Amino acid sequence: ITAGHIQEFACFTDYDKELVCHWKVPAQTNCSKEFLLCYSKEISSVSNVCVPENEKDSLQCTCTIYPDYFAYGLTYILALQFNGTDTWNYSVTPALVVKPRAPKNLAIEKAENGNFNLSWEESYSPPSMLSGQPVIYEVKYWRKQHPAKVSVKAINYQTKSFEITASSLRRGYDYVASLRCNYMDYPAYWSEWSEEVEFHYDYQVTAEDILQMAVPISCILIMAGSIICYFCFTKYVSYCY
């Protein structure tokens, strides 16, 4: 393997605990035996090492670095070794490759108006660098039986809840919802989608449904009454003559 064979080398960070670097490798590569990732802060001569591991599909090596701290201007100098020989040099500034953790504790409950309130919590709390930072979200939900047909809604304001309107759902079906986030001052990556939450839109009859049913039924009854009256009247007239 040479520098030309190291493909798709990239790093991202949760900007809180870890900096993760990964790269593609040929099948049957033993990442921990064949590779070593050396790293140091740009402002320091102290070098550290990270021993990579194989991903589940064995076609990617991953190294997880746990920095002492994160700062906006901090840059790391990386040197990837293959069998003891430097094959790839790279520099990464964590603030420019933030991939935030997904929102957590997703929950949903039915509101009195028949809509569904989705709520969640941020995955960051003080003293994390991302805690309290401006964040935007994307909500997606779909019928469990039709996962290919997904509704995606953007939330471009600070909130920890979202109302899924009943008018966007079909009655009698199970639905699944998920959420992801992106921090506006660190926009490199969206988070992964959160854990999913399921809910059921049942056949509960609303006042609006009753009204919608009442109008055509009333029309039918009026028409039926008019027809009956007409026949009764014509029969009465015929009887009189």
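1. A salt bridge is a side-chain nitrogen of Lys or Arg within 4 Å of a carboxyl oxygen of Asp or Glu. Side chains of opposite charge can pair when their charged atoms come close. By this rule there are nine salt bridges.

2. A word on the source. This is a predicted model, where local features need pLDDT of at least 70, side-chain atom pairs count only at pLDDT 80 or more, and totals for chains, interfaces and linings use all residues. Residues are numbered from 1 along each chain as its sequence is written, and side-chain values use heavy atoms, with hydrogens and water left out.

3. Take Glu122 and Lys160. Their side chains form a salt bridge at 3.8 Å, N to O. Glu122 lies in the loop between β10 (116–121) and β11 (135–143), and Lys160 in the loop between β12 (150–155) and β13 (161–164), so the pair ties together parts 38 residues apart in sequence. Strands here are DSSP runs (E, at least two residues), numbered from the N terminus. Glu122 is buried at 16% relative accessibility; Lys160 is partly exposed at 43%. Buried means under 20% relative accessible area, exposed over 50%, partly exposed in between (1.4 Å probe, protein chains only).

4. Next, Lys41 and Asp68. Their closest N and O atoms are 3.8 Å apart in a salt bridge. Lys41 sits in strand β3 (residues 35–41), and Asp68 in the loop between β6 (60–65) and β7 (76–82), 27 residues apart. Lys41 is buried at 18%, whereas Asp68 is exposed at 68%.

5. Lys99 and Glu192 also meet in a salt bridge, at 2.4 Å, N to O. The two are 93 residues apart and link distant parts of the chain.

6. Finally, a network of salt bridges links Asp14, Asp16 and Arg101.

Notes: Helix = DSSP H or I, 4+ residues; strand = E, 2+ residues; numbered from the N terminus.
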